[in-house]
Amino acid sequence: FAGAYDSLKCNFRIINYSLVESSTSISTSTSTSTSSSSTEAWNLIQVIKVEPSSNIDRNDSSCDNLKAGKSPGDIIVTVFIDSAEHSDWMFSVLNNSSSSSSTSPTSTSQNNNNKNMVEFKIIPCLFNLGVNEQQTVANAMGLTSMQTEINQQGLSTLLSYHQSWHQVEEAGQSAAGKLLPPLFRQLEVLIETEAKVFGKAVDLLLVSCWCARLMGGARTTSCKSAKDRTSVFQSLEMAKLILGGGVEKVAQNYLTDISTKNNPGTSSSSSSSSSSSNRTIEEQELEQELMDKLRSIEGVRLRNCKLNTGKAKYCFNKFQIETLPPELRPLPNTTGGNKS
C-alpha cells in the first residue's frame with residue numbers, strides 16, 4: 001500500500017473552459033455530463049484524458065517543463081472545470097498570483113504565454129498507525145519496523161515540501177508558518193517514541209493531519225475497508241477541529257499542552273492522551289459527546305457502513321473494541337457488523 005503511493009506521482013493539467021469549448025481536437029466524450037441543477041464543485045471537474053508523458057506534443061511550448069523531465073511522474077491527467085464562471089474565476093486568481101509571487105511548490109508549469117492552462121504535481125505522503133488487535137500482537141512482538149519506516153518517509157516528504165511552501169508563501173510570519181516547525185519536531189518525537197515503546201499514539205496521525213492542513217494540503221484517512229477504523233479516526237479529527245475553532249487554534253492548543261506537560265513547573269490533567277492533557281473535564285466530555293454523535297446514526301459514518309455492507313453497524317466485536325485506543329472506541333450499540 002505504501003509503495004503504491006509512488007504511482008500517484010502524476011502531473012495534472014487544468015485547461016480553461018473556453019479552450020475546451022472552442023477546440024475541435026479535444027473530446028470530452030469520456031466525461032459524465034453535469035446536471036444543470038448541481039452546483040457541487042466536485043461535479044464540475046471533468047477528466048478529458050489520461051496519457052503517458054511520452055505522448056506530449058514536442059512542438060507544444062506549454063509542455064516545455066515536461067519535455068525537460070520535470071514532471072513528477074509518467075502520467076499526465078488533463079481536466080477542465082465544466083463551468084465558465086468557475087473556470088474564469090480560477091484562472092484569474094492563478095494569473096494574478098503568478099504575477100505577484102514565485103512558482104508554487106506544486107506547480108510544474110505556469111507558462112506566461114498561456115493563460116488558459118496550469119499544471120501542478122501531486123506529492124503523495126503517507127503516515128500509518130496500526131490500532132487494531134493485529135497491531136497489538138505486532139507491538140508485543142516488536143514487529144513495527146515497516147510502520148516506522150513508512151512514517152519516517154512521510155515526515156521526510158512533509159519537511160521537503162515545507163521548504164518549498166515556506167519560500168513560496170513567505171509564510172515565516174504567518175500563523176501556519178510559526179506553528180509548523182514545532183509541529184514537525186513533535187511529529188518526529190512521536191515517530192521515534194512509537195518505534196521504541198510500541199504503542200498506539202493516535203497523536204501521530206493527528207499531528208500529521210494538522211501539518212498537511214496548515215500547508216493547504218488535501219488529506220484523507222483510510223483503513224482496509226475505509227469504513228470502521230476510518231470512521232472512528234475521522235470523527236475524532238472532526239470533533240477536535242469543530243470544538244477547537246479550526247486547525248490553527250487546535251494545533252496551537254496542542255503545542256501549549258505539550259509544553260505544559262514537559263514543564264515540571266506546571267500542572268496538567270491526568271488524561272492519558274497528550275492531545276487532551278490541558279483541557280477541562282467539561283471540554284473532554286463535550287468532545288466525546290460530539291464524537292459519539294458523529295459515529296452514531298445521526299452522523300454519516302454508519303450510513304457509509306450501511307451502503308457498503310447493508311448494515312448500519314461498525315464491524316468491531318467486544319475484544320476488538322478493547323484493543324482500540326480509548327479515543328477511537330465507538331459506542332457499543334453501534335457495533336456488531338459482520339462484514340469487514
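This short talk goes through the surface patch, the cysteines and the aromatic pairs of a predicted model.

Before the details, residues are numbered from 1 along each chain as its sequence is written, and side-chain values use heavy atoms, with hydrogens and water left out. Because the model is predicted, local features need pLDDT of at least 70 and side-chain atom pairs count only at pLDDT 80 or more, whereas totals for chains, interfaces and linings use all residues.

Let me begin at strand β2, residues 45-52, where strands (E, at least two residues) and helices (H or I, at least four) are DSSP runs numbered from the N terminus. V47 lies in this strand, and at 39% relative accessibility V47 counts as partly exposed, a class that sits between buried, under 20% relative accessible area, and exposed, over 50%, with a 1.4 Å probe and protein chains only. Together with V50 and I75, V47 forms a nonpolar patch on the surface, with about 230 Å² of accessible area. Such a patch takes residues with over 30% relative accessible area and no salt bridge, joining nonpolar side chains (Val, Leu, Ile, Met, Phe, Trp, Tyr) within 5 Å and like charges within 9 Å; a salt bridge is a side-chain nitrogen of Lys or Arg within 4 Å of a carboxyl oxygen of Asp or Glu. The areas come from the Shrake-Rupley method with a 1.4 Å probe, and for residues only the protein chains shown count as cover.

E51 is also found in strand β2, but E51 is buried, at 13% relative accessibility. Leaving aside neighbours within four places in sequence, E51 is in contact (heavy atoms within 4.5 Å) with D74, I75 and I76.

Turning to the cysteines, the structure holds 0 disulfides, a disulfide being a pair of cysteine sulfur atoms within 2.5 Å. For C211, the closest cysteine sulfur, in C209, is 9.2 Å away, which is too far for a bond. C305 is likewise in no disulfide, with the sulfur of C315 as its nearest, 8.9 Å away. C211 is buried at a relative accessible area of 0%, and C305 is buried at 0%.

Finally, the whole structure has 3 aromatic pairs, counted when ring centres of Phe, Tyr and Trp (its six-membered ring) lie within 6.5 Å, with planes under 30 degrees apart called stacked, over 60 edge-to-face and the rest tilted. The rings of W210 and Y254 have centres 5.3 Å apart and planes at 70°, so this pair is edge-to-face. Because W210 lies in helix α7 (residues 203-214) and Y254 in helix α9 (residues 247-262), the pair ties together parts 44 residues apart in sequence. Y314 and F316 form a tilted pair, 6.5 Å centre to centre with 40° between the planes.
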